[in-house]
Amino acid sequence: MEPVDHNKTAVIMEFKVFDPDEESELADIARRALQQIEEKQYDADLISKGIAKERIYKYGFAFRGKECLIVRG
């Protein structure tokens, strides 16, 4: 989510759904979501628009049915 005022905070969210064949814990999935944000450099466009890196909040969401875990990177 890009702020209208580039002095404000931007938010990047990545959502993952639990796959019992690949993961054992929701925390693993949430960390994988954060890892994807970093690997694919989702913040590059925001930084190029003048948003300071420390003003970009990154969240990994992991879902298993109605259960959800959110990790901030």
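With which residue does Lys16 form a salt bridge? In this predicted model, the partner of Lys16 is Glu14, and the closest N and O atoms of the two residues are 3.7 Å apart. Lys16 counts as buried because its relative accessibility is 13%, below the limit of 20%. Glu14 likewise counts as buried, with a relative accessibility of 13%. In general, side chains of opposite charge can pair when their charged atoms come close.

The structure holds seven salt bridges. Beside the bridge between Lys16 and Glu14, a network of salt bridges links Glu38, Asp43, Lys53 and Lys58. Within this group, the side chains of Lys53 and Asp43 meet in a salt bridge with an N to O distance of 2.8 Å. This pair links distant parts of the chain, 10 residues apart: Lys53 lies in the loop between helix 2 (44–48) and strand 2 (56–64), whereas Asp43 lies in the loop between helix 1 (26–39) and helix 2. Lys53 has a relative accessible area of 47% and is partly exposed. Asp43, at 5% relative accessibility, counts as buried.

Asp43 also forms a salt bridge with Lys58, for which the closest N and O atoms are 3.1 Å apart. Here too, distant parts of the chain are linked, since Asp43 belongs to the loop between helix 1 and helix 2 and Lys58 to strand 2, 15 residues apart. Both Asp43 and Lys58 are buried.

Lys58 also has a place in the pairing of the strands, as the bridge partner of Ile12 in strand 2. Strand 1 and strand 2 run parallel and are joined by eight bridges. They belong to an open sheet of three strands, which has the order 1-2-3 and mixed pairing. Strand 1 and strand 3 (67–72) stand at the edges of the sheet; each has a single partner strand, so one side of each is left without a neighbour in the sheet. On average, neighbouring strands of this sheet are turned by 20° against each other, direction ignored. Helix 1 packs on the sheet and touches strand 1, strand 2 and strand 3, and the direction of helix 1 makes about 140° with that of strand 2.

The nonpolar residues were examined next. The largest nonpolar core consists of seven residues, namely Ala10, Ile12, Leu34, Ile37, Leu46, Ile51 and Ile56. Strand 1 (10–17) and helix 1 are the elements that give two or more residues to this core. A second, separate core has five residues, among them Leu26, Ile29, Ala30 and Ala62. For Leu34, a member of the largest core, the contacts beyond its neighbours within four places in sequence are with Lys58, Tyr59, Gly60, Val71, Arg72 and Gly73.

When neighbours within four places in sequence are left aside, Glu67 is in contact with Leu26 and Ala62, both of which belong to the second core. The C-alpha atoms of Glu67 and Asp28 are separated by 14 Å, and these two residues are 39 residues apart along the chain.

Technical notes: Residues numbered from 1 in each chain as written. Predicted model: local features only at pLDDT ≥ 70, side-chain atom pairs only at ≥ 80, totals over all residues. Heavy atoms only, no water. Salt bridge = Lys/Arg side-chain N within 4 Å of Asp/Glu carboxyl O. Buried < 20%, exposed > 50% of the residue type's maximum accessible area, 1.4 Å probe, protein only. Helix = DSSP H or I, 4+ residues; strand = E, 2+ residues; numbered from the N terminus. Core = buried A, V, L, I, M, F, W, Y, C linked by side-chain atoms within 4.5 Å. Contact = heavy atoms within 4.5 Å. Pairing = 2+ DSSP bridges. Axes fitted to C-alpha atoms, helices over the stretch in contact; angles between N-to-C directions.
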